[in-house]
Amino acid sequence: MLATAIIVFREVLEMAVVAGVVLAAAEGAPGRNRWVAFGMLVGLAGAGLVALFAGSISDAAEGMGQEYFNTAILAFAAGLIGWTVIWMRQHGREMAAKLKETGKSVVAGESPMYMLAVVVGLAVLREGSEAVLFVYGIALSQPESVLDITAGVLIGLAGGVMVGALLYLGLLKISTRHLFGVTSLLLALLAAGMAAQAAGYLVAAGALPALVDPLWDSSWLMSQEGLAGRVLSVLIGYQERPSAMQALFYAGTLGVILLASRKAKTKSFRPA
Amino acid sequence: MSLSPTASALMAVVALLAVPSASAWAEDVAVYRISIKDHHFVPETVTIPANAKVTLIVSNEDATPEEFDSIPLRREKVVPAGKEVTILLGPLKPGSYAFTGEYHEDTAKGTVLVKE
């Protein structure tokens with residue numbers, strides 16, 4: 001039961017951190033909960049399919065199918081997040097006006113909601129498929145009873161959701177004036193981390209050189225195995241031993257998003 | 001606004017260009033094999049040369065899926081039941097790199113030993 005709870009917790013943790021940031025970024029947006037819930041459900045169905053076809057995905061692309069599959073999902077999610085952050089920045093003035101008017105933040109209109117719902121769905125798809133495979137395996141082989149497995153899954157799920165909820169509630173403690181700035185920076189870091197992870201998969205597939213490997217080793221300072229290391233690895237893309245290629249993707253993604261949103265911001269303040 | 005299509009397109013191009021070069025790996029690269037039996041790696045230690053690319057083939061002889069997982073090696077790969085997967089490693093510096101079968105961490109433990 002404990003082993004099940006731990007594995008499920010780890011996989012759910014990654015989705016919950018993404019969901020926590022996305023929910024905070026979209027605080028006050030109409031239809032937010034419905035969209036995110038819809039994204040999660042579609043992601044869950046997708047996770048089942050991915051788990052079902054794990055063998056075929058694995059055999060694809062000369063045995064590097066998993067790496068390319070993960071790269072595609074991560075790159076797609078990072079692109080969507082980047083687009084959303086820039087969109088939010090461009091519409092910053094409208095949002096500020098709306099905030100004054102209604103006392104509510106943050107996203108005006110539903111447009112970026114679809115994007116963020118897809119981002120949450122993709123996180124559920126990627127991590128969920130691993131959880132599904134694990135639970136399937138344990139149900140198939142272990143002498144554990146159905147009750148034990150169910151209890152393990154529920155405990156792991158509750159633990160992961162709790163971390164995501166704490167993150168979300170913690171972010172909401174930030175004054176509405178700063179929430180927008182903080183959540184867009186967090187989204188940019190989330191996207192940069194995903195881009196770096198995608199680069200890691202391309203290196204693993206032999207498609208990109210690692211350049212310098214590892215660029216540093218900070219496992220003595222913070223291990224990626226621990227809870228803090230795991231949360232930070234999703235939240236800001238922390239890696240204890242990144243390759244230089246991953247660092248390049250990280251810096252590049254972060255730089256492009258921040259520069260583009262700064263440009264967008266200046267543009268929106270120009271007199272019409 | 002136009003960033004994300006551009007960025008995603010760029011990444012897609014990178015990924016596409018990359019596919020053929022992956023096969024270049026297969027030439028002159030030493031192959032090492034390990035199996036997963038009863039949720040244990042057999043053998044548990046793989047010794048490989050430093051500063052060289054190698055291919056590690058992991059075959060899962062169990063009836064349940066496993067996930068080869070190593071933070072030090074930066075590799076994470078599902079090994080479906082009854083299947084084998086190819087993991088590209090290196091060039092690595094000398095040292096000891098631990099890996100686990102994430103789905104059965106208590107028993108599935110192994111080490112890649114990198115020696116000069």
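Two residues are in contact when their C-beta atoms, placed from the backbone, lie within 7 Å. This is a predicted model, in which local features need pLDDT of at least 70, side-chain atom pairs count only at pLDDT 80 or more, and totals for chains, interfaces and linings use all residues. Residues are numbered from 1 along each chain as its sequence is written, and chains are lettered from A and ligands numbered from 1 in the order in which they are written.

View 1. Ala195(A) is in contact with Ala75(A), Ala78(A), Phe249(A), Tyr250(A) and Thr253(A), leaving aside neighbours within four places in sequence. A residue is buried if 20 or more other C-beta atoms lie within 10 Å of its own, exposed if 12 or fewer, and partly exposed in between, with C-beta atoms placed from the backbone. A nonpolar core joins buried Ala, Val, Leu, Ile, Met, Phe, Trp, Tyr and Cys residues through C-beta atoms within 7 Å. The largest such core has 108 residues. Ala195(A) is among those with the most contacts inside it, along with Val18(A), Val22(A), Val119(A), Val120(A), Ala191(A) and Ala198(A). α6(A) supplies the largest share of this core, 17 residues.

View 2. Helices (H or I, at least four residues) and strands (E, at least two) are DSSP runs, numbered from the N terminus. Chain A has 10 helices and zero strands. Of its 272 residues, 51% count as buried. Among contacts in chain A between residues at least 6 apart in sequence, 83% join residues at least 24 apart. α4(A) has 26 residues and spans 37 Å from its first C-alpha to its last. That is close to the 38 Å expected at 1.5 Å a residue; the expected span is 1.5 Å times one less than the number of residues. In α4(A), 21 of the 26 residues are buried, so the helix is largely enclosed by the rest of the structure.

**View 3. The side of chain A that touches chain B.** The contact takes 38 residues from chain A and 31 residues from chain B. On chain A, α1 (2-25), α3 (54-63), α4 (65-90), α6 (111-141), α8 (176-204) and α10 (244-269) each supply at least two residues. α4(A) gives the most to this side, with 10 residues. The residues of this side divide into 21 nonpolar, 12 polar and five charged. Here Ala, Val, Leu, Ile, Met, Phe, Trp, Tyr, Cys and Pro count as nonpolar, Asp, Glu, Lys and Arg as charged, and the others, Gly among them, as polar.

View 4. Chain B has one helix and nine strands. Of its 116 residues, 40% count as buried. Two strands pair if DSSP finds at least two bridges between them. Five strands of chain B form an open, mixed sheet in the order β3-β9-β8-β5-β6. β3 (45-49) and β6 (75-79) of chain B stand at the edges with a single partner strand each, so one side of each has no neighbour in the sheet. β3(B) pairs with β9 (residues 109-115) of chain B in the parallel sense over five bridges. Thr45(B) stands opposite Thr111(B) in β9(B).

**View 5. The β5-β6 hairpin of chain B.** β5 (residues 66-70) of chain B and β6(B) pair in the antiparallel sense over five bridges. Phe68(B) has Lys77(B) in β6(B) as its bridge partner. Four residues lie between the two strands of this hairpin. In the turn, Arg74(B) has a positive phi of about 55°. Arg75(B), Lys77(B) and Val79(B) point one way from β6(B), Glu76(B) and Val78(B) the other way, and all are buried.

**View 6. The four-stranded sheet of chain B.** Four strands form an open sheet with mixed pairing, in the order β2-β1-β4-β7 (chain B). β2 (40-42) and β7 (84-89) of chain B are the edge strands, each with a single partner strand, so one side of each is left without a neighbour in the sheet. β1 (residues 30-37) of chain B and β4(B) pair in the parallel sense over seven bridges. Arg33(B) has Ile57(B) in β4(B) as its bridge partner.

**View 7. Ala52(B) in its loop.** Ala52(B) lies in the loop between β3 and β4 (54-60) of chain B. With 14 C-beta neighbours inside 10 Å, Ala52(B) counts as partly exposed. Ala52(B) touches Gly90(B) and Pro91(B), not counting residues up to four places away in sequence. His104(B) is 52 residues from Ala52(B) in sequence and 30 Å away in space, C-alpha to C-alpha.
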